[in-house]
Structure formats: structure tokens, C-alpha cells
Amino acid sequence: MTDALVLIDPAASTVEVADLGAPQLPVTDLSAHRGDGIFETVLVRIGGGMTVVSRDRHFARFCDSASALGLPDPDRELWDRGLDTVIAEVHAADPTTTEFGVRYALSRGTQNPDGSQSPRGWAFNVPVDEKIKHARAQGISAVSLDRGYDAYLGSKAPWLLVGAKTLSYAVNQAAGRYAAEQGADEALFVSHDGVVLEGPTSNLIIRRGDTLLTPLPEAGLLSGTTQRLIFDHAAELSFSAEYADLSLSEVIEADGAWYVSSMRTAVSLNQLDGNPISRDEELTAQLQALIKAG
Ligand code: PLP
């Protein structure tokens, strides 16, 4: 797949096509050495029309993250232009491409000598790789990991930026490596006091009878666009949808469990801490189709 990159200048309201293979970011950029910025990754599907899955949900969360970090309000028209330019570049280079992601980010930028900052943004495409395709088809295993703080801490400690999608993902990456060392595909974060939270880059949904359940975002996790898309359409699949505090044993005893995120769509969680979880292949297929329809 062709690599496409656009640089987005919030101050000048410009979108400029650039070379993804060439250096673009000064090392002094605060995203590079502080992880100080925000991002979104959206799934794009082309075929019988073009769909940016949960476009509005992603942009709304992007604005919430900007607000949490004290970054300037993103301008919808500018970021739509950036996203659409990447999509057009990818499509023009290979009209047979049917599915890819676009990652867009806003960095606090570099610190100017007078103390002011110059936020800068960018967007580029990411592939739906073999690992994602395999997980969609076969499902995954996970090990639970203590996130190190109690549930519902975020409102008492807003500086922790719980629930904002920041560029500081070193901890999430480390959790993934730790899970791999344990022989699992994914981590499942659990609060220090035992409330199930989320994966490092996905939300968890379980099925109990005809109800879909997911942890409350306020418990200390990122409110997912995919989880909310599923909940908004649950009734069409004859399910009710609820937020609840879940324990690890409730996940293991569920009638089905899924990791959901923009790029994965919905993948079956088959095993947690070595314990098998019931698989619901029919609902997996229904959820994947629902998400891909956007
Ligand atoms: N939780 C975390 C920590 C994430 O990084 C992500 C996505 O990357 C999600 C949940 C799922 O969010 P979404 O469905 O919007 O992709």
C-alpha cells in the first residue's frame, strides 16, 4: 500500500502533502521527547462508496483529548481536509485498496524562545496488517495486568489524563510486550482494586445472555468509538447494552467476550489468564459487519 502523509498546520489552516519517508519532525518537538500530543486512528473502507467508520465519534474524542491537554480546539474543516487528502492519495495510488487506517495527530509542537508553543499536526495511512486479519479470524488470548491505580481515580487526579488519547503510549506498548512474554496475544488492564478496564489499545465487551456489557469509562479507561458504535446499534442485533463494573471471573464466565477497536473491529477473546472463554462466532461476524458498515 502507498504511504501517504499530510502535514497539518493549525495556525495557518493548511494541509500539505509530504514524504512519509523523509524527516519531518524536529527532535525538539514536544511529541517526540515528551509524548505531549493527541491522536486518533480511524478505519477507512472503500468499495461501493467510501466509509470513514465513526468519523464523528473520533473527531469528538479528539476535541475532548485536546481540551484535557490544554491544546487549541481542533478545527473540524481543517482536520477533515487532512483526513480526506490522505484517503484520496491512497486511493489514487491504488484504486483496488479496500481497507486501511488513517492516524491523525496533534502535537504541542516546539517550545518557542518566548515560551509560546507552535502546535503542529499530521495524518498518514496505516495498513490493516496480517496480525489484525489473523485476530479477526481466529480471536486472541490475553493475560490480566494490574494498571497500578484504583478504579475511578481519574476524576480525583485529572493530571493523569485518564480517558484522553495521548501520544504517550510507552506503557501500553510495554504491557503488550509483557503479555507476549507470558505467551498471550494481548494484555487486559485491571485496576489495582480488581475492576476490569481495557486492553492497551482496545475496549472489552462481554455477552451475558442477551445483554452486552462493557466497563464504565469513568472507571479509568479510554471511551472507545467502536464500543460506542456497537452499543448504539445493539438493539438492531436484539441485544440490550449496559455499562458495569466487571471482575475477571465475570469475563471468564461470559457467553462471549471481544476486544473492540477501530482497526481490529471486533475480535473474539478466547482465553484469559489460561482460562477458556465461550466463543460466539455468529455474534463475532455480526459485530465485524456492523462496524465495517460504519
Ligand atoms: N482503549 C485504548 C487505550 C485505545 O488506545 C483504544 C484505541 O486505540 C481503544 C481503547 C479503542 O478505541 P477505538 O474503538 O476508538 O479505536
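In which helix does Trp 79 lie? Trp 79 belongs to helix α3, which spans residues 76-93. The legends below describe close-up views of a predicted model.

View 1. When residues up to four places away in sequence are not counted, Trp 79 touches Ile 8, Phe 59, Phe 62, Pro 74, Tyr 104, Ala 105, Leu 106, Gly 121 and Trp 122. Gly 139 is 60 residues from Trp 79 in sequence; the C-alpha atoms of Trp 79 and Gly 139 are 33 Å apart in space.

**View 2. The two domains of the protein chain.** The domain assignment gives domain 1 as residues 5-128 and domain 2 as residues 133-293. Taken over C-alpha atoms, the centres of domain 1 and domain 2 are separated by 25 Å. To the contact, domain 1 contributes 27 residues and domain 2 contributes 22 residues.

**View 3. The largest nonpolar core.** This core consists of 29 residues, and Leu 212, Ile 230, Leu 283 and Leu 287 have the most contacts inside it. Two or more residues of this core come from each of β3 (37-46), β6 (117-127), α6 (225-233), β12 (256-261) and α8 (281-293). The greatest contribution is that of α8, with 4 residues. Both domains take part: the core draws at least three residues from each of domain 1 (5-128) and domain 2 (133-293). Ile 230, with its neighbours within four places in sequence left aside, is in contact with Ile 205, Leu 212, Val 260, Leu 287, Leu 290 and Ile 291. Another core, of 25 residues, lies apart from this one and includes Ala 4, Leu 69, Leu 83 and Tyr 104.

**View 4. The shell around the ligand.** The ligand is surrounded by 17 residues, of which Lys 165, Tyr 169, Thr 225, Thr 226 and Ser 262 are the closest. At least two residues of this shell are supplied by each of α2 (55-69) and α6. A polar side-chain atom of Arg 61 is placed 2.8 Å from an oxygen atom of the ligand. For Tyr 169, a polar side-chain atom lies 2.5 Å from a ligand oxygen atom. In the side chain of Thr 225, an N or O atom is 2.6 Å from an oxygen atom of the ligand. On its own the ligand has 390 Å² of accessible area, and the protein covers 94% of that area.

**View 5. Ser 65 in helix α2.** Is Ser 65 buried or exposed? Ser 65 counts as buried because its relative accessibility is 1%, and the class requires a value under 20%. Its contacts, leaving aside neighbours within four places in sequence, are with Ile 38, Ala 164 and Lys 165. Lys 165 is also one of the closest residues to the ligand.

View 6. Ser 13 is placed in the loop between β1 (5-9) and β2 (14-18). With 33% relative accessibility, Ser 13 counts as partly exposed. Ser 238 occupies the loop between α6 and β11 (240-243). Ser 238 is exposed, at a relative accessible area of 59%.

Methods. Residues numbered from 1 in each chain as written. Predicted model: local features only at pLDDT ≥ 70, side-chain atom pairs only at ≥ 80, totals over all residues. Heavy atoms only, no water. Contact = heavy atoms within 4.5 Å. Core = buried A, V, L, I, M, F, W, Y, C linked by side-chain atoms within 4.5 Å. Buried < 20%, exposed > 50% of the residue type's maximum accessible area, 1.4 Å probe, protein only. Domains from an automatic or database assignment. Near = heavy atom within 4 Å. Polar contact = N/O pair within 3.5 Å; in protein donor to acceptor, adjacent residues only side chain to side chain. Areas by Shrake-Rupley, 256 points an atom, 1.4 Å probe, with all protein chains shown as cover.
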